[in-house]
Amino acid sequence: MQPVREIQGPLDTARFMAEIVPDYRPVVLRGQMATWPAVRKAQESDEALAAYLSRMDSGRPLAFMAGPPEIGGRFFYDEAVRGYNFQLRSGNLSGLLNHLLSQRAGPQRSAVYAGGAVAEDYLSSWQTENAFPFSPIDAEARIWIGNRTRISTHMDETHNVAAVIAGKRRFTLFPPEQLDNLYVGPLHHTIAGPPVSMVDLEQPDLARYPRFAEALEYALVADLEPGDAIYIPAIWWHNVRADAPFNVMMNYWWGDPDAGSALKALILAIKAVRDLAPEHRGAWRHWFNRFVFDDDASSIALHLPAHAQGYAGPPSLERSTFIRSNGEGFD
């Protein structure tokens, strides 16, 4: 696997948005969060970080996954792909931190993972004490806590920056065009929101999933330690392995808040378009290409007055308002 490109030194929002995001490739941002108080506490000890986070704990119930030792830390489906190999449980943030601290010695008795919890809801002063240096304005901090775990290869619909606070994490990434070679799981029955690859990255069954061997030729890998971060563009596939008995990470997703879910649009298109007769489907292909995928798609309505362009007009606050008020989520 090839390493992910790295950037050292200070990075501000202007440079991040002008140089990093348009390239649409993952980038390791080495040491970018090293000055965070949380990272400094983690470098003192796991206990120091746990005490620091517990001081901010709002006490709000926190959902987390728990799986038995035999899953090897890999949260996934059961054999029938009807259920899962883990259970959902609930506690509070301080209790989860204390549980992980108490379980560090000896073999791991269970895999524990809490992910995507909005920091503002659980950590009262996180944003003011650990400011994100180059975050887009609409990015929310979300905390991820666990022990030795493996998160199946998946993609997110939005851009992502993930910053390691404690422990170590290995990210293995695949470009969006490897979709066919990753053997996507159910779109309707997912593990935690986005679809996942059905292939176990560390023990791939190439007899069952032979095209995965080609995907590995395009894989990128990054090893992150406390204070390091990684930028993952939207729709890039990524597998995340946490290699310490006590791991804490913060991530930031962002995208156009008015855009809605492209994945839901895809599912609706499957329902409405995919099973049409070939000639009928071909006719709609022209519409989708011109109204959606053409780089100059917004020009198709320029012959109309601005007030009449509606859905097809160029990006604007007026168009976003029009979409929201005229049925963005069609049934």
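Two strands count as paired if DSSP finds at least two bridges between them, and helices (H or I, at least four residues) and strands (E, at least two) are DSSP runs numbered from the N terminus. This is a predicted model, where local features need pLDDT of at least 70, side-chain atom pairs count only at pLDDT 80 or more, and totals for chains, interfaces and linings use all residues. Residues are numbered from 1 along each chain as its sequence is written, and side-chain values use heavy atoms, with hydrogens and water left out.

**View 1. Here's the six-strand sheet.** It's an open sheet with mixed pairing, in the order E1-E12-E11-E14-E9-E5. Strand E1 (2–3) and strand E5 (74–75) are its edge strands, and each pairs on one side only. Further in, strand E11 (residues 169–174) and strand E14 (residues 237–242) run antiparallel, joined by six bridges. Look for Phe171, which sits opposite Val240 in E14.

**View 2. Now for the nine-strand sheet.** This open sheet goes E2-E3-E13-E10-E15-E8-E7-E4-E6, again with mixed pairing. Strand E2 (5–7) and strand E6 (87–91) are at the edges with a single partner strand each, so one side of each has no neighbour in the sheet. From one strand to the next, the twist averages 25°. Strand E4 (residues 62–67) pairs with strand E7 (residues 111–118) in the antiparallel sense over three bridges, and Ala66 faces Val112 in E7.

**View 3. Two helices cross here.** The axes of helix H2 (residues 37–44) and helix H3 (residues 46–56) come within 5 Å and cross at roughly 145° (axes are lines fitted to C-alpha atoms, for helices over the stretch in contact, and angles run from 0 to 180 degrees between N-to-C directions). On the H2 side, Pro37, Ala38, Lys41, Ala42 and Glu44 meet Asp46, Ala48, Leu49 and Tyr52 in H3; contact means heavy atoms within 4.5 Å.

**View 4. Let's zoom in on Ser298.** You'll find Ser298 in the loop between helix H9 (278–293) and helix H10 (317–325). Why is Ser298 called partly exposed? Because its relative accessibility is 28% (buried means under 20% relative accessible area, exposed over 50%, partly exposed in between, with a 1.4 Å probe and protein chains only). Leaving aside neighbours within four places in sequence, Ser298 touches Ala312, Gly313, Pro314 and Pro315. Tyr311 is 13 residues from Ser298 in sequence, and their C-alpha atoms are 9.4 Å apart in space.
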